[in-house]
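These are my notebook entries on one protein chain. I set down what I looked up, in the order in which I looked.

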Amino acid sequence: MRQRRLSLNSFTAMYIIRLLLIHCLLHFECVHGVYSRQNQSSFLKDILERCDPLVEPVDNISATIDVQIDFGIQSIGVLKEREQTLKTSILLIIQWADADLTWTPNDDYRKSYQLPNNRIWTPTLLLINAVDDKAIVEKENGISVLKPSGVLYTVTYRSTETSCAVNTVKFPFDVQVCEIIIARRSGNINLKANPNVNTDILQENNEWQLLSITFKYVLIRGRSVPEYHATVAKLVLKRKALFHVLKSIVPSVLLSFINGFVFLLPPACGERMTMSISSFLSYAIYVTYIYESLPANSDSVAYFPVYLCWMMVQSGMIIIATLVSLKLYHQEQNDSQAPVLMSASSCRVASSENQTFGPVKVKIRGSVPFKKFDKWCFNASFGLTLAATIWLFFLLFA
């Protein structure tokens, strides 16, 4: 009985010791482990005390800070030819290092911490050719991620509108080159561009096709300043021409060839002038409708509007040629119809006066061959239209 009581006491003692050990371990983890809020708070306070948002993280004034920019594009918006601007949605990952913000990774600290941008130094970068807001790194509501090696990076996603020099000479088969220029504002910043552009999240545009995109570091020399460092994202865009071909080019070319067929109508039907004027008015209305969809740019006039202007001039010339053709036709008709009584009396007088010389032939006027004129006008109209159309497609696809 006594032995049984001793074994029970020893079991109770071991159980109590085990509970004490578990309690101590839990207390140690809560105070000193990775889930200690006090430990994390004191660590972040110590990190932020080392930071000064106005002072660059360099040891001397001549040292430079390497700032690497990773560029990604999410969507290509509207390219406005009249305003010469391009809307895009871009993703920028800006990375730099601060040697004073390092720590040894262990179980007591996390592998990364988020710091507000208004409490730390961040590089001041600008979109040089932006139309609206030029700042890239957001100070007030921005957040940067700190790594144990002292590397910081911030992610910026924004929709921007940048200037783009548009060349619409070969509309609608034109290719545009637009640039997004990112430069430093001040400070000893050494910009580095990651040439691997992220296009995995790119959404397809219904009007423009992205042929290529490059991102590299450049040194730009200006007039007011000797030079400045920048990174340039160059986008090569090609217009999707199928819609414009079916809407503008095909109807215009067909209507241009139809204009010349007015000379094949018989003059006696009285529909020549009606058809020529109707074709001219239809072409004028359709050209006005087409011009509304064409880019308005006086620096680089497209070949297609020049073609439309020539077709308008040719349509007006066809109306004038139709008037001349009808004038010649009616003149020949009037001259070829002499009065019957006058012709008969002339024949009797001529036969009585000179019976030995045989019958007298009455000379009929109307020596202008209007049929040859119509044929010449049709061939000229068809030839000029064909030559202008070949010229247009040669320049567009050259």
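**Entry 1. A pair of residues across two strands**

I began with Ile-181, which stands opposite Val-232 in β10. A strand here is a DSSP run of E with at least two residues, a helix is a run of H or I with at least four residues, and both are numbered from the N terminus. Two strands are said to pair if DSSP finds at least two bridges between them.

I noted the conditions of the work before going on. The model is predicted, local features need pLDDT of at least 70, side-chain atom pairs count only at pLDDT 80 or more, and totals for chains, interfaces and linings use all residues. Residues are numbered from 1 along each chain as its sequence is written, and side-chain values use heavy atoms, with hydrogens and water left out.

**Entry 2. The chain as a whole**

I counted seven helices and ten strands in the chain. Of its 398 residues, 35% count as buried; buried means under 20% relative accessible area, exposed means over 50%, and partly exposed lies in between (1.4 Å probe, protein chains only). I then looked up contacts, that is, heavy atoms within 4.5 Å. Among contacts between residues at least 6 apart in sequence, 76% join residues at least 24 apart.

**Entry 3. The sheet of four strands**

In which order do the four strands of the open sheet lie? I read the order as β4-β7-β10-β9, with antiparallel pairing. β4 (125-127) and β9 (208-220) stand at the edges with a single partner strand each, so one side of each has no neighbour in the sheet. The twist averages 20° from one strand to the next. Axes are lines fitted to C-alpha atoms, for helices over the stretch in contact, and angles run from 0 to 180 degrees between N-to-C directions.

I next went through the pairs. β4 and β7 run antiparallel and are joined by three bridges; Leu-127 stands opposite Ile-182 in β7. On β10, Ile-182 has Thr-231 opposite. Strand β7 (residues 175-184) and strand β10 (residues 228-239) are joined by nine bridges and run antiparallel. β9 and β10, also antiparallel, are joined by twelve bridges.

β3 and strand β5 (residues 143-146) pair in the antiparallel sense over four bridges, and Tyr-113 stands opposite Leu-146 in β5.

**Entry 4. The largest pocket**

What is the volume of the largest pocket? I noted about 250 Å³. On a 1 Å grid over the protein atoms alone, a pocket is an open set of points with protein on both sides within 12 Å along at least five of seven lines, and lining residues have an atom within 4 Å of a point. Grid points are joined across faces, edges and corners, and a volume is the space filled by probe spheres set on the points.

Of the 16 lining residues, the closest to the centre of the pocket are Glu-56, Pro-57, Val-58, Asp-98 and Asp-100. By class, the lining has ten nonpolar, no polar and six charged residues. Ala, Val, Leu, Ile, Met, Phe, Trp, Tyr, Cys and Pro count as nonpolar, Asp, Glu, Lys and Arg as charged, and the others, Gly among them, as polar.

**Entry 5. Asp-98**

I looked at Asp-98 separately. Asp-98 lies in the loop between β2 (85-97) and β3 (113-116). Is Asp-98 buried or exposed? Asp-98 counts as buried, because its relative accessibility is 12%. Leaving aside residues up to four places away in sequence, Asp-98 touches Pro-57, Gly-150 and Leu-152. The C-alpha atoms of Asp-98 and Ile-65 are separated by 8.9 Å, although the two residues are 33 residues apart along the chain.

**Entry 6. Two backbone details**

I recorded that most residues other than glycine have a negative phi, and that most peptide bonds are trans. The bond from Phe-171 to Pro-172 is cis, with omega near 5°, and Pro-172 lies in the loop between β6 (151-163) and β7. Gln-84 has a positive phi, near 55°. Gln-84 is found in the loop between β1 (65-80) and β2, and it counts as partly exposed because its relative accessibility is 23%.

Definitions and conventions: 1 Å grid on protein atoms, 1.4 Å probe; cavity = no way out; pocket = protein on both sides within 12 Å on 5 of 7 lines; lining within 4 Å.
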